[in-house]
Amino acid sequence: MSAVVVVGSQWGDEGKGKVTDFLARKADLIVRYQGGSNAGHTVVDGDKKFMLHLIPSGILYPDKVCVIGNGVVLDLELLLEEIDRLEKQGVDTSNLRISSRAHILMPYHKRLDELQELGCRQLGTTKRGIGPAYADKIERVGFRMIDALDPDFPNRFQAVVREKNRVLQTVYGDPGYDYEELLNRVQGCMDRLRKYVVDTSILVNNAINEGKRVLLEGAQGTLLDIDHGTYPYVTSSHPTAGGACVGAGVGPTRIARVLGVVKAYTTRVGEGPFPTELTNEVGDYIRARGAEFGTTTGRPRRCGWLDAVILRYATRLNGLTDLAVTKLDVLDDFDRIKICVAYKHKGKIIEEFPESLRVLKDCEPVYVEVEGWKSGLDGCKTYEDLPLKAQRYVEKISELTGVPVSLVAVGPKRQQTVVLKEIF
Ligand code: IMP
């Protein structure tokens, strides 16, 4: 049994793409289990930079099977663009498999997402149609990949498009969609994608049974989880480890380890409270040094110090067994670095992440300060190569969460990864 889940421990953008890509070198099967093209993973290999939104980062290795699980919502046109782009960059995508149960994210989902952001919702979504696609899945008016291959698809699709048009036209004053044109678009995509479509739960479970190494790759982060995140400023799926079981079709007993990816500081995109946010030159410096701009939307990310209250929450919700600390090099130049260890709310100390956004908004971070290491980390290959003060920062994270650190990323390149303990 060797399935490992990789989850984001903060608000997403922790560097899961890089960590998954690094672990993928030893994995046999890499599975995306939730989210959609709202995710943006950047992988740098030598001079080559790859942007991935839907396809698991493992695709960059020719011998790995890469699975898009049933929990993902799939924008077919974007997926085909991604396949074409990778092929142009010399990446073989023939080992891609797509769950027959994955839901299709339709053009009207994207339009509705944009329109809802102009209305009463205003969450700062990626406008990739994620919320409306998951809403239709729950409403049971969505279409899975297998449904789009069914002979009865045109009839069911026509009925749904008719209803979507009524909503678009009457509620939003939008022209809506021509059904025939939309049907042609979907069927055109399915003609190219059908060769990838299988029951991926069988594939993943068989791989586990055969003792293969399976990596379940989360998108977004713990605080964007629809149940456990900072609702309503969340995404519409479960980026937490529990989501990996549902979204990949495996039982919880098959998961051996859960690796939480922790960025050495905190960032957030979109609206919502953020206790350690730095709306000053320190935050601006981190944004510039860490290239903290959305891979999907290009939006500047809000930046702040590391928050151990969030990390303890992520440890509990995901049952983290290991941590991967990323972007440590972004903090190279600081004399002193702050870590939030608790919140102060109306004079009282809070140690658990609050469920009320009003409380969270009024929380002041309680900081401890550690000394910065003031030297470049990019050449470090082993843990011992890290300056002692950088090691101390890593150890502090482990001490505050009670979880061992297994990997440290000291730069964007695949090679700039320090291994403390092998995951596979
Ligand atoms: P949605 O997932 O597009 O519906 O957006 C909901 C919230 O999740 C917004 O605040 C987005 O900025 C945030 N979000 C979605 N995907 C990501 C991601 O991959 N990284 C960081 N934030 C994300």
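**Salt bridges and local geometry in a predicted model**

Asp13, Lys263, Glu292, Arg301 and Lys327 are linked in a network of salt bridges. I shall begin with that network, then turn to the protein as a whole, and close with several individual residues. Please keep in mind throughout that this is a predicted model.

Arginine 301 forms a salt bridge with aspartate 13, and their closest N and O atoms are 3.2 Å apart. Arginine 301 sits in the loop between α10 (281-289) and β13 (302-304), while aspartate 13 sits in the loop between β1 (3-8) and α1 (16-24), so this pair ties together parts that are 288 residues apart in sequence. Aspartate 13, by contrast, is partly exposed, with a relative accessible area of 25%.

Glutamate 292 belongs to the loop between α10 and β13, and lysine 263 to strand β11 (residues 255-263), so the pair ties together parts that are 29 residues apart in sequence. Both glutamate 292 and lysine 263 are buried.

Lysine 327 is also a member of the network. Where in the fold does lysine 327 lie? It is found in the loop between β15 (322-326) and β16 (336-345). Its backbone deserves a remark: lysine 327 has a positive phi of about 60°, although it is not a glycine. At 25% relative accessibility, lysine 327 counts as partly exposed.

The side chains of glutamate 77 and arginine 185 meet at 2.8 Å, N to O. This pair links distant parts of the chain, with glutamate 77 in helix α2 (residues 76-88) and arginine 185 in helix α7 (residues 179-193), 108 residues apart. Both ends are partly exposed: glutamate 77 has a relative accessible area of 28%, and arginine 185 stands at 31%.

How many salt bridges does a search of the whole structure find? The number is 31. As for charge overall, the protein has 57 positive and 57 negative charges, and the mean positions of the two sets are 1 Å apart.

Now to the protein as a whole. It contains 13 helices and 20 strands. Its radius of gyration is 21 Å, close to the 22 Å that the globule rule gives for 424 residues, so the protein is as compact as a globular protein of that length. Along the principal axes, the C-alpha trace spans about 65 × 50 × 40 Å. Of the 424 residues, 57% count as buried. The exposed surface comes to about 17400 Å², and carbon and sulfur atoms supply 50% of it. Among contacts between residues at least 6 apart in sequence, 76% join residues at least 24 apart.

The peptide bond from tyrosine 231 to proline 232 is cis, with omega near 5°. Glutamine 220 lies in the loop between β10 and α9 as well. Glutamine 220 has a positive phi of about 55°, although it is not a glycine. It is buried, with a relative accessible area of 9%.

Alanine 148 is found in helix α5 (residues 145-148). It is buried, with a relative accessible area of 7%. Which residues does alanine 148 contact, leaving aside its neighbours within four places in sequence? They are Ile104, Phe153 and Met190. Alanine 148 and glutamine 187 are 39 residues apart in sequence, and their C-alpha atoms are 7.6 Å apart in space.

The other residue is glutamate 399, in helix α13 (residues 388-401). Glutamate 399 is exposed, with a relative accessible area of 57%. From glutamate 399 to alanine 308 the separation is 91 residues in sequence and 10.0 Å in space, C-alpha to C-alpha.

To return to the opening point, the salt-bridge network links Asp13, Lys263, Glu292, Arg301 and Lys327, and within it the pair of arginine 301 and aspartate 13 ties together parts that are 288 residues apart in sequence. Thank you.

Methods:
Residues numbered from 1 in each chain as written. Predicted model: local features only at pLDDT ≥ 70, side-chain atom pairs only at ≥ 80, totals over all residues. Heavy atoms only, no water. Helix = DSSP H or I, 4+ residues; strand = E, 2+ residues; numbered from the N terminus. Rg over C-alpha atoms; globule rule 2.2 N^0.38 Å. Buried < 20%, exposed > 50% of the residue type's maximum accessible area, 1.4 Å probe, protein only. Contact = heavy atoms within 4.5 Å. Areas by Shrake-Rupley, 256 points an atom, 1.4 Å probe, with all protein chains shown as cover. Lys, Arg positive; Asp, Glu negative; His and termini not counted. Charge placed at Lys NZ, Arg CZ, Asp CG, Glu CD. Salt bridge = Lys/Arg side-chain N within 4 Å of Asp/Glu carboxyl O.
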